[in-house]
Amino acid sequence: MTNKHTFHIPVMGIGFTADTPLKVAQYGMDSVISLVDDILLEKLRKMYCELYEIPYKEITDKIEDFRAKRITSYLNLINSLAERKFEELKDTTINKGNELKEYISMLPDGNSIKKEFKNLSDKYMNLNEAGNWIKDQLSLGSIDVNIMTKVDKVNYSKGKKLPSEYNDAHAALRGFAQSDLKSSVILSAGMNPRLYGYMEQFEDFYPDGNGDLKKKIVLKVSDFRSASIQGKYLAKKGLWVSEYRVESGLNCGGHAFASDGYLLGPVLEEFKEKREELITSTYEILVQSLEVKNRPIPKTVLPLRITAQGGVGTAEEHQFLIDTYELDSVGWGTPFLLVPEATTVDNPTLEKLMGATEKDLYLSNISPLGVPFNSLKGNTKDEEKNAWIAQGRPGSPCPRKFVSLNNEFTEKDICVASRQYQHLKLKQLDSLGLPEKQHQAQYSKIVDKSCICVGLGTSVLLANNLDTRVEGTGVSICPGPNMAYFSKLMSLKEITDHIYGRGNVISRVDRPNMFVKELMLYIDYLENKIEELKDTFNKKQESYLTTFANNLNQGIAYYESLFNSSKEAFRETKDLIMSELEVNKKKIQLLHLEIGQLVEFNAIST
């Protein structure tokens with residue numbers, strides 16, 4: 001059945017969307033559960049089993065393959081509870097069909113189901129008489145999952161290293177593959193060939209003769225080239241990518257995988273132009289692979305969805321993306337952190353989010369993955385980290401160990417945010433005898449890393465009054481820059497009305513257009529990169545910085561052409577957008593000059 005909504009709720013953090021499907025799937029809304037933390041999912045499974053009076057048997061870490069089994073059990077529980085809620089919604093004898101009316105009212109105004117429902121409501125005074133139509137037309141939102149491909153820690157049993165299929169991402173994939181869900185796995189954070197190869201082992205990822213897939217593959221990407229390479233790599237294994245989820249490199253929440261200055265608009269334009277070519281070339285490879293594997297060949301070419309997310313904040317931007325780039329859906333993440341009917345955030349953190357301005361939202365270096373991470377100043381996890389530093393004991397006790405990926409000092413991988421690693425790294429730093437300024441800079445870099453694999457899950461425990469003795473009470477939060485423009489708690493109906501232009505929840509009038517905001521973020525990023533590379537400038541860095549600036553200029557030229565050729569797009573704010581593009585163009589010219597000066601200085605000094 002086709003999607004009823006034109007938006008989806010992406011994964012947020014580790015715990016913020018862990019039970020979102022249970023809140024929104026019955027209204028036909030798609031959302032995503034993170035599979036990083038099986039311990040957290042097991043705690044939530046226990047809580048929901050007690051709440052719904054379902055027998056619960058703990059899956060302890062003494063059980064073989066406990067991580068995959070915990071994930072499977074949690075997903076099965078959420079699936080069955082969401083289906084139960086959906087069936088109750090469709091049963092118009094319960095609550096006189098009020099939930100059904102809510103489902104319909106939240107759909108986009110042009111939706112055919114909404115129009116048909118109005119005709120039926122006019123025809124039948126009693127909704128019970130429309131029962132068959134309701135069953136045929138309404139659909140449950142997709143309960144999707146997210147796996148960060150690189151968070152694939154090696155595991156051990158009784159001191160012995162386990163085979164790679166017991167690595168964290170592999171076990172998470174297995175947990176999803178063995179679940180009852182008919183939905184998608186969103187693979188993010190880049191390509192993991194070993195994990196991609198492991199997908200071949202699961203029947204649910206292969207199409208049948210009718211082209212149906214029980215489990216679909218979605219790749220989160222930031223450019224067309226990456227999508228094409230990964231899609232064809234998987235097609236050679238007989239696996240079809242059903243969706244490319246294009247995310248802004250910087251105007252997003254959580255980890256920011258910045259591109260080399262490629263802006264969202266031009267990237268989406270390339271997907272639009274090359275979509276059919278991508279489908280045809282990838283499908284040819286898929287068919288050849290399925291023939292070799294002696295598997296059913298779908299009768300028709302499999303469908304491919306292109307979606308986008310990152311920084312969208314108004315109904316106008318939402319519809320512009322869909323109309324201009326022919327997108328199948330647009331992701332709304334950050335604003336949903338302020339919707340308790342959809343996500344789970346503890347009250348003190350909600351207060352911080354509502355009060356956040358641009359200066360409170362920043363691109364940090366706190367992630368142990370070494371990838372820039374969007375964060376909020378004053379979050380309680382950072383306060384906890386700073387207290388440990390003040391006590392002369394920097395680093396986290398590392399209760400979860402999900403990001404234990406460094407073997408610089410130890411045989412077994414450990415996390416760079418852990419107390420063990422930071423103690424060893426600081427000892428090494430002291431032995432170098434660096435000048436005070438350099439020593440302090442290196443010291444700050446080391447102790448800045450935060451235990452986000454715990455912090456991003458703690459909020460859901462606090463919000464549900466669950467035990468946090470092991471985790472502590474520190475909360476990491478990862479909103480995108482867009483949070484600065486959303487400042488109040490919203491109901492699910494309010495945010496949906498905002499998305500579809502039936503209402504407005506933004507009180508500020510100075511919010512920049514999403515494309516301009518992304519451009520500004522990239523210019524800030526480039527400025528910081530120039531500053532960072534000043535002391536170690538070389539030919540390679542010159543090429544990187546120059547290419548980055550050139551790509552930004554090309555992006556501006558694209559937007560100028562796009563907005564000049566469209567009379568309707570952003571009609572009321574077009575003049576402002578064009579002047580902001582001009583201002584930012586001048587900023588890039590200055591950065592070009594700065595890069596040129598570095599080149600000259602480097603030539604003289606060598």
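Predicted model: local features only at pLDDT ≥ 70, side-chain atom pairs only at ≥ 80, totals over all residues.
Biologist: Why is Lys215 called buried?

Modeller: Its relative accessibility is 1%, and buried means under 20%. Lys215 therefore counts as buried. Its place is the loop that links helix H8 (193-198) to strand S7 (216-221).

Biologist: What makes the approach of Lys215 to Asp204 a polar contact?

Modeller: The side chains of Lys215 and Asp204 are joined at 2.9 Å, and a polar contact requires N or O atoms within 3.5 Å. The side chain of Lys215 also reaches the backbone oxygen of Ser179, at 3.0 Å.

Biologist: Which residues does Lys215 touch, not counting residues up to four places away in sequence?

Modeller: With those neighbours left out, Lys215 touches Phe176, Ala177, Ser179, Leu181, Ser183, Asp204 and Phe205. Ser179 and Asp204, named above for their polar atoms, are among them.

Biologist: What is remarked upon in the phi of Phe570?

Modeller: Phi of Phe570 is near 45 degrees, which is a positive value in a residue other than glycine. Most residues other than glycine have a negative phi. Phe570 belongs to the loop between helix H19 (539-565) and helix H20 (574-605).

Biologist: Is Phe570 buried or exposed?

Modeller: Phe570 has 3% relative accessibility, and the limit for buried is under 20%. Phe570 therefore counts as buried.

Biologist: Why is Glu326 called partly exposed?

Modeller: Its relative accessibility is 48%. Partly exposed covers the values between buried, under 20%, and exposed, over 50%, so Glu326 counts as partly exposed. Glu326 likewise has a positive phi, near 55 degrees, and is placed in the loop between H11 and strand S10 (329-331).

Biologist: How do you know that helix H10 and helix H11 meet?

Modeller: Contact means heavy atoms within 4.5 Å. On the side of H10, Gly265, Leu268, Glu269 and Lys272 take part, and they meet Leu321, Thr324 and Tyr325 of H11. These residues divide into three nonpolar, two polar and two charged. The axes of H10 (residues 264-292) and H11 (residues 315-325) come within 10 Å and cross at roughly 35 degrees.

Biologist: How many cavities of 30 Å³ or more does the structure hold?

Modeller: There are seven of them.

Biologist: What makes up the lining of the largest cavity?

Modeller: Leu35, Val36, Arg67, Asn146, Ile147, Met148, Val151, Asp168, Ala169 and Ala172 line the largest cavity. Two elements, strand S3 (143-148) and helix H7 (168-177), each give two or more residues to this lining. By class, the lining has seven nonpolar residues, one polar and two charged.

Biologist: Which helix gives the largest share of the lining of the second largest cavity?

Modeller: Helix H13 (residues 380-390) does, with four residues. The lining of this second cavity includes Lys381, Glu384, Lys385 and Trp388, as well as Gln422 and Cys451. It divides into three nonpolar, four polar and four charged residues.

Biologist: Where is Lys23, and which residues does Lys23 touch, not counting residues up to four places away in sequence?

Modeller: Lys23 is in helix H1 (residues 20-24). Beyond those excluded neighbours, Lys23 touches Pro340, Glu341, Ala342, Thr343 and Thr344. From Lys23 to Val516 the separation is 493 residues in sequence and 33 Å in space, C-alpha to C-alpha.

How values were computed:
Residues numbered from 1 in each chain as written. Heavy atoms only, no water. Buried < 20%, exposed > 50% of the residue type's maximum accessible area, 1.4 Å probe, protein only. Polar contact = N/O pair within 3.5 Å; in protein donor to acceptor, adjacent residues only side chain to side chain. 1 Å grid on protein atoms, 1.4 Å probe; cavity = no way out; pocket = protein on both sides within 12 Å on 5 of 7 lines; lining within 4 Å. Points joined across faces, edges and corners; volume = space filled by probe spheres on them. Nonpolar A, V, L, I, M, F, W, Y, C, P; charged D, E, K, R; others polar. Axes fitted to C-alpha atoms, helices over the stretch in contact; angles between N-to-C directions.
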